[in-house]
Protein chains: 2
Amino acid sequence: MISSANAIIAQSGGPTAVINNSVAGVFDAWYKNTAGGRLYAGISGIKGILEGHILDLAAQEKSVLAGLKYTPGAGLFSCRYKLGEGDSQKLLKTFKKLNIRFFFYNGGNDSMDTAHKIAEAAKDNGWEMYIIGIPKTIDNDLPYTDHTPGYGSAAKYIAATVRETGIDLESVFTKNKVTILEAMGRNTGWLTAAGALAKRREDEAPHLLYLPEVPFSYQLFLEDVEEVYKQLGYCYVVVSEGLADADGNYIAAAPTTDAFGHRQLSGAGEKLKNMVETELGLKARCNTLGTTQRAAMHFASRTDANEAYMTGQAAVMYALAGKSRLMVTINRLSQEPYSSAAGEIGLEKTANIERKLPLEWINKKGNYITNEFISYARPLIEGEVDIPIQNGLPDYVKLDMNKGKVML
Amino acid sequence: MISSANAIIAQSGGPTAVINNSVAGVFDAWYKNTAGGRLYAGISGIKGILEGHILDLAAQEKSVLAGLKYTPGAGLFSCRYKLGEGDSQKLLKTFKKLNIRFFFYNGGNDSMDTAHKIAEAAKDNGWEMYIIGIPKTIDNDLPYTDHTPGYGSAAKYIAATVRETGIDLESVFTKNKVTILEAMGRNTGWLTAAGALAKRREDEAPHLLYLPEVPFSYQLFLEDVEEVYKQLGYCYVVVSEGLADADGNYIAAAPTTDAFGHRQLSGAGEKLKNMVETELGLKARCNTLGTTQRAAMHFASRTDANEAYMTGQAAVMYALAGKSRLMVTINRLSQEPYSSAAGEIGLEKTANIERKLPLEWINKKGNYITNEFISYARPLIEGEVDIPIQNGLPDYVKLDMNKGKVML
């Protein structure tokens, strides 16, 4: 292990409510376990590092650093950037100049691929580095980990929203008959399935779930909705944004025309809502959660926040122990009471692999999930995060970009 | 005042997060100030009363009655129903049979009209009644009251969501450039304007607000978005579902109408999002809040919940004092510290009148609100409501429809 070297952390991809807990975990573990080394932050992921946007995190106000534990959005700013030609060399030049031997990349599966490539480039250049991926994604689609930091909070928010808007639907069903909630999830149904956590009784929302893992059929969908409606007088449906039919055509890709006569795409939920109204003649509403589900720190999961912090800490401990080229994972140690611990998996194994909802957790009709999923997801939404409130609203923090600016 | 007569309460129209606080206020005030009289609940508004769905509220479990103070949705179920021929006579027959002399109707402007008609019918029939309207609507569009119960909680949730998804947008703006949030509001911009409560600094969300009070221009909208984008690199827009152009054409027009002939709207945000992508070439996202904004008790306003309870109490006190044919209002007594008290206005004055956002609270360009609105709305979102949590989710209650069933 190299003493008095420096470290850098950056974030990539879509944020989660608890993503900055991982930064806090890295920060705390770094300064607790090292002497002399700095922890830099790349602002806007590797794109920012390439452009020289680097801060010395310790120069931030204490209140801002503490605030990372309850602030959503990518606190260090994020990017979506694929390494281009010469980029790895440029990054290494910066790392050498700042004596950076530790790189922590907080992101999803694309980011693990990027971290792996940087590790390769460092090796080729003979620049000793310890590179650790810290997972984050509300999609829960990373392999080799029980779940991903960020998923629990999104799941909790979605389930609470289904319960609330489900009660709303039930109470006004003489007017509205069908509510459709569109959750994120291009290729996996983890978020949509989380809606089922809301259900306490058979007649409660949700009644139907449509997941990208199951080829979508308009005909079966309409039959399902009609059946529930005939039984209860109302029907609550959760759908994934990425639903596609058996031929792989996205439901959302059906063209309509805007005011200028241009073709445009509309959301899967909105499309199905209109179909319910025109085909079944039932009044329907669509709620499209969009980015609210990945930013709703005001009702985040305490379990999730703790685990995001833990993965940040573990990343530092692994790196300081001389490990590299791995992604931190979460292992479930016990179910009741729930407990978990950090684990590790080689970066090269996780890069660009997408983990889908197990098919055996989906019912035979392909329109709901089984109790195995409920047992799996329930502990991940336990507990709430205390947030300082000012003027009735969460008082989130922001880094001061003029504090600790690193000159290259 | 008539002694040992009975009372009935019912709910109508779209729910709010705090609507059941008004029922709790009526219940508590009724049993504190009367002796022997029952408080019945009409299940599903006057439609339910017409069909004989009536409960004796005191027969419910204590925990359920207490739970009304933190449970969203219409706890007594709601309806949208216009009185038809013979309905008033049928209602009066039920009122006479159950010796009901007090009718509390918890609803919006359509409901005040209904309550007024029932008062007329009772008078024509010589059946002495005390009829009081208890306002509720997230739309804040009732006249003669400083604001409506339900508005503060929806405003708080919208503002929190704008702050959270605004931070999200800022932190990922290398990818997403524009976020559009669609709030409810057919003809008034009160909810959309509430998004402005999120803003602490000039560069923060929201940057643009489009309100139904201002005729919408596609051209000006695109110019506005482009201007903000050029300055900041991103742009956050809140729009009302009911935006219409200078000719009165809705930006989004849906195929159905409700029982009152109101057009049901959805999709303005989605439409504008697509326009930003096709016309400006900027990657955009649309979050459609839908029914989440009227059901989000998990982040409701304490001030709002208290006032909803107060209006329920006041309704009983007015009725027991021999007053009738009035709607309870909320008067703002002082601004700092904020305080309010119940007031009253004749039902015939409020019926079917819609209060719009004052034009002097909208800026000259018609794309934002002034500080007068902020001063007005800020106190209404203060404080939070404690909610019991079970398994990580709000543990809302439901009436037991088998307890206290009234046989006619």
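**Chain A meets chain B**

Reader: Which residue of chain A forms a salt bridge with B:R200?
Author: In a salt bridge, a Lys or Arg side-chain nitrogen lies within 4 Å of an Asp or Glu carboxyl oxygen. Here the closest N and O atoms are 3.3 Å apart, and the partner of B:R200 is A:D395.

Reader: How many salt bridges are there between chain A and chain B?
Author: This is a predicted model, where local features need pLDDT of at least 70 and side-chain atom pairs 80 or more, while totals for chains, interfaces and linings use all residues. Residues count from 1 along each chain, chains are lettered from A as written, and side-chain values use heavy atoms, without hydrogens or water. Between chain A and chain B, the count is ten.

Reader: Which helix gives the largest share of chain A's side touching chain B?
Author: Several elements supply at least two residues each, including helix 9 (268-280) and strand 11 (284-288) of chain A; helices (H or I, at least four residues) and strands (E, at least two) are DSSP runs numbered from the N terminus. The largest share, twelve residues, comes from helix 6 of chain A.

Reader: How much area do chain A and chain B bury between them?
Author: Buried area is the accessible area (1.4 Å probe) lost on being put together, summed over both parts. In chain A, A:E164, A:L393 and A:K398 lose the most to chain B, together 11% of what that side buries. Carbon and sulfur atoms carry 54% of the total, which is about 6300 Å².

Terms used: Buried area = accessible area lost by both parts, 1.4 Å probe.
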